[in-house]
Amino acid sequence: MQDIRKMLTVYFIAGTQDCQHLGLLPEPALLSVLETALKCGISCFQFREKGKNALQDPQKIVQLAQKCRELCRQYHVPFFINDDVDLALAVQADGVHVGQDDRPIAQVIEQCQGKLLLGLSVNTLPQAIANAALQAVDYFGVGPVFPTQSKADAKAAVGLKLLQQIRQQGIEKPLVAIGGITPATAISIRQAGADGVAVISAISRSTNITNSIQQLKGQ
Ligand code: TZP
Ligand code: MG
């Protein structure tokens, strides 16, 4: 549990759609941002190839996931896949992260038990309560805490209140907060009860990734 909390400290999420502003080809753009982020000390990475500008060719997606996994291994940083348990198993990821709209969590647990770490998104207190006792769920992703530009179909922002309510409820599951988090707001996220911050744009769009990650760590 302590290791999971540590793993959530600065949890970077990205796909090629998040690196287009760099003006490079999609794959080199993502790999370059990822390697810089790994050098600067992210504690976890999630490959999330999703949205209208994402790669569509399944073969390219698998190949890119493998390259990201290799990079993460070099830096001893856990590697997660968003949504797709089959892809996570195929590329020997460390874990998979699923949402409430993906397959029923019991099915996901059955498929990944003993093979993959498992993260689950929660957007409401009842969802957190309903899933709190599931030992196979290693952590909750809570959000979007603030409005986000990085997910077209994001739910309404839940604010810091949901993190506080989950802790007040006595739920001790490791929590990573997500959605619109910046280096400046990371402290408030931890004060509200999260173990770490999950970000896309605060790293992928940063002009000084070293500084951004230092601040996201709360340092
Ligand atoms: N899930 C909820 S908000 C979000 C995801 C994947 C996007 C987070 O991106 P950003 O740029 O850190 O707001
Ligand atoms: Mg999902």
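Biologist: Let's begin with Asp83: is Asp83 buried, exposed or partly exposed?

Modeller: Happy to, and please keep in mind that this is a predicted model. Asp83 has 19 other C-beta atoms within 10 Å. A residue needs 20 or more to be buried and 12 or fewer to be exposed, so the class for Asp83 is partly exposed.

Biologist: Where does Asp83 lie, and what is its phi?

Modeller: Asp83 is in the loop between β3 and α4 (85-90). Most residues other than glycine have a negative phi. Asp83 is not glycine, yet its phi is positive, near 70°.

Biologist: Which loop holds His76, and what is the phi of His76?

Modeller: The loop between α3 and β3 (79-82) holds His76. His76 counts as exposed because it has 7 C-beta neighbours inside 10 Å. His76 is a residue other than glycine with a positive phi, near 55°.

Biologist: How far apart are Val62 and Ala88 in space?

Modeller: Val62 sits in helix α3 (residues 58-74) and counts as partly exposed because it has 13 C-beta neighbours inside 10 Å. In sequence, Val62 and Ala88 are 26 residues apart. From C-alpha to C-alpha, their separation in space is 9.5 Å.

Biologist: Now strand β8 (residues 196-199): which residues point one way and which the other?

Modeller: All four of these residues in β8 are buried, whichever way they point. Gly196 and Ala198 point one way, and on the other side are Val197 and Val199.

Biologist: Which residue in β8 is the bridge partner of Val10?

Modeller: Strand β1 (residues 10-14) runs parallel to β8, and three bridges join them. Within that pairing, the partner of Val10 is Val197.

Biologist: How many residues surround ligand 1, and how do they divide?

Modeller: The shell around ligand 1 has 15 residues, and the closest are Thr148, Ser150, Gly179, Ile200 and Ser201. By type, the shell divides into eight nonpolar, six polar and one charged.

Biologist: Is Gln46, which UniProt lists under "binding site", buried or exposed?

Modeller: The UniProt annotation comes from an unreviewed entry and covers several residues, including Gln46, Asn82 and Lys151. Gln46 lies in strand β2 (residues 44-47). Because Gln46 has 25 C-beta neighbours inside 10 Å, it counts as buried.

Biologist: What domain does UniProt place at residues 10-203?

Modeller: Over that stretch the chain is 36% helix and 18% strand, with the end C-alpha atoms 10 Å apart. The unreviewed UniProt entry names this domain "Thiamine phosphate synthase/TenI".

Biologist: Last one: what pLDDT does the protein average?

Modeller: The model scores ipTM 0.98 and pTM 0.97. Of the residues, 99% score at least 70, and the average pLDDT is 96.

Key: Residues are numbered from 1 along each chain as its sequence is written. Chains are lettered from A and ligands numbered from 1 in the order in which they are written. This is a predicted model: local features need pLDDT of at least 70, side-chain atom pairs count only at pLDDT 80 or more; totals for chains, interfaces and linings use all residues. Helices (H or I, at least four residues) and strands (E, at least two) are DSSP runs, numbered from the N terminus. Two strands pair if DSSP finds at least two bridges between them. A residue is near a molecule or strand if its C-beta atom, placed from the backbone, lies within 6 Å of it. Ala, Val, Leu, Ile, Met, Phe, Trp, Tyr, Cys and Pro count as nonpolar, Asp, Glu, Lys and Arg as charged, and the others, Gly among them, as polar. UniProt positions are given in the numbering used here, feature names are shortened, and annotations may be inferred rather than shown by experiment. pLDDT is the predictor's confidence in each residue, from 0 to 100.
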